[in-house]
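Hello,

Here is the structure I promised to pass on. Please open it next to this email and follow along.

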Amino acid sequence: PDNNPIDFNGHGTHVNGIVAAVTGNGTGVAGIAGGNRAARRPGVKLMGLRAGYEASSGQGYVIMSACAAASDYAVAKGASVISCSWGSSGSLIRTAILNAVANGLVVCKAAGNDTSDVPDIIDSTFGVLAVASLDVTGVRSDFSNYGTWVDISAPGGNILNTYSNSGVAAYASLSGTSMAAPTVAGVAALLKSHHGWFTKAQIDTLLLNYTVDVDVQNPSYAGLLGSGRVDAYNALS
């Protein structure tokens with residue numbers, strides 16, 4: 001409501017960097033859809049819509065009415081992809097996400113970090129890509145949620161990226177499905193930037209059909225981590 005996009009908790013800056021930290025500039029880290037500064041190829045544009053706050057305890061919170069308003073704003077302003085790295089509840093946000101899906105946006109949602117097989121309201125919404133987290137070996141992160149409702153998986157452990165420390169630019173390593181969801185969103189944005197005419201259905205299909213199978217590494221979770229680990233090269237090719 002204060003119209004201030006500055007991230008004081010660090011989390012939002014981190015997930016945005018995973019999607020589109022500028023590449024080819026010799027600085028910091030490289031986002032999946034960060035373009036190539038050296039080749040004068042810009043990365044995708046970001047819409048940083050802060051829908052939460054940091055409590056005095058340091059804990060970050062989101063407000064469902066603000067999340068719904070942010071989603072509707074993104075739709076109205078022509079966004080192609082929405083990445084949600086937060087828990088959700090209530091009919092208000094579900095209605096907003098259904099509106100985004102109906103308008104052709106790719107919606108990527110963190111599956112959650114409760115080692116649970118129960119989806120929240122966005123994860124269970126038709127047309128949303130629910131994203132579980134894997135470690136560097138392709139094994140399910142010990143914190144990641146799982147289930148038949150998960151659509152796809154992505155790396156989410158100890159991800160180094162951009163960070164905001166009370167508004168001061170920094171870098172940090174974070175873990176969570178919060179990091180996995182923007183990885184998939186970044187690949188979706190990369191596909192859209194290369195093929196601007198692609199529809200949501202086409203992008204979703206490429207993301208889900210050109211993954212790397214991880215059932216062998218996860219025998220106890222076979223079929224519960226989506227179609228596999230997202231693969232930017234295969235999807236783009």
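Predicted model: local features only at pLDDT ≥ 70, side-chain atom pairs only at ≥ 80, totals over all residues.

α2 gives the most to the lining of the second largest pocket: four residues. The space in the second largest pocket is about 380 Å³. It is lined by 16 residues, and those closest to its centre are P1, N3, N4, L49 and R50. Sorted by class, the lining holds 10 nonpolar, four polar and two charged residues.

Next, the aromatic pairs. Rings count as a pair if their centres lie within 6.5 Å. By this rule there are three aromatic pairs. In one of them, Y53 and Y61, the ring centres are 5.6 Å apart and the planes stand at 20°. Planes under 30 degrees apart count as stacked, so this pair is stacked. How accessible are its two members? Y53 is partly exposed, with a relative accessible area of 44%. Y61 is partly exposed too, with a relative accessible area of 41%.

Y146 and Y221 make another aromatic pair, and this pair is edge-to-face. The centres are 4.9 Å apart, with 70° between the planes. Where do Y146 and Y221 lie in the chain? Y146 is in the loop between β5 (128–134) and β6 (152–155). Y221 is in the loop between α5 (200–209) and α6 (232–236). The two are 75 residues apart, and the pair links distant parts of the chain.

Is Y146 buried or exposed? Its relative accessible area is 17%, and buried means under 20%, so Y146 is buried. Y221 has a relative accessible area of 21%, so Y221 counts as partly exposed. The charged end of R140 sits over the ring of Y221, 4.3 Å from the ring centre.

Now the core. The largest nonpolar core has 22 residues. Which residues have the most contacts inside it? They are V131, V184, L191, I203, L207 and V230. The elements that each give two or more residues to this core are α1 (11–20), β4 (106–110), β5, β6, α4 (177–194) and α5. α4 provides the largest share, seven residues.

Last, a few single residues to look at.

- R40: its phi is near 60°, a positive value in a residue other than glycine. R40 sits in the loop between α1 and β1. With a relative accessible area of 76%, R40 is exposed.
- T115: its phi is near 50°, again a positive value in a residue other than glycine. T115 is in the loop between β4 and β5. At 39% relative accessibility, T115 is partly exposed.
- S116: this residue also lies in the loop between β4 and β5. Its relative accessibility is 19%, and the limit for buried is under 20%, so S116 counts as buried. How far is S116 from F143? They are 27 residues apart in sequence, and 8.6 Å apart in space, C-alpha to C-alpha.

Best wishes

Note on methods
Residues numbered from 1 in each chain as written. Heavy atoms only, no water. Phe/Tyr/Trp six-rings, centres within 6.5 Å; stacked < 30°, edge-to-face > 60°. Buried < 20%, exposed > 50% of the residue type's maximum accessible area, 1.4 Å probe, protein only. Lys NZ or Arg CZ within 6 Å of the ring centre and 35° of its normal. 1 Å grid on protein atoms, 1.4 Å probe; cavity = no way out; pocket = protein on both sides within 12 Å on 5 of 7 lines; lining within 4 Å. Points joined across faces, edges and corners; volume = space filled by probe spheres on them. Nonpolar A, V, L, I, M, F, W, Y, C, P; charged D, E, K, R; others polar. Core = buried A, V, L, I, M, F, W, Y, C linked by side-chain atoms within 4.5 Å.
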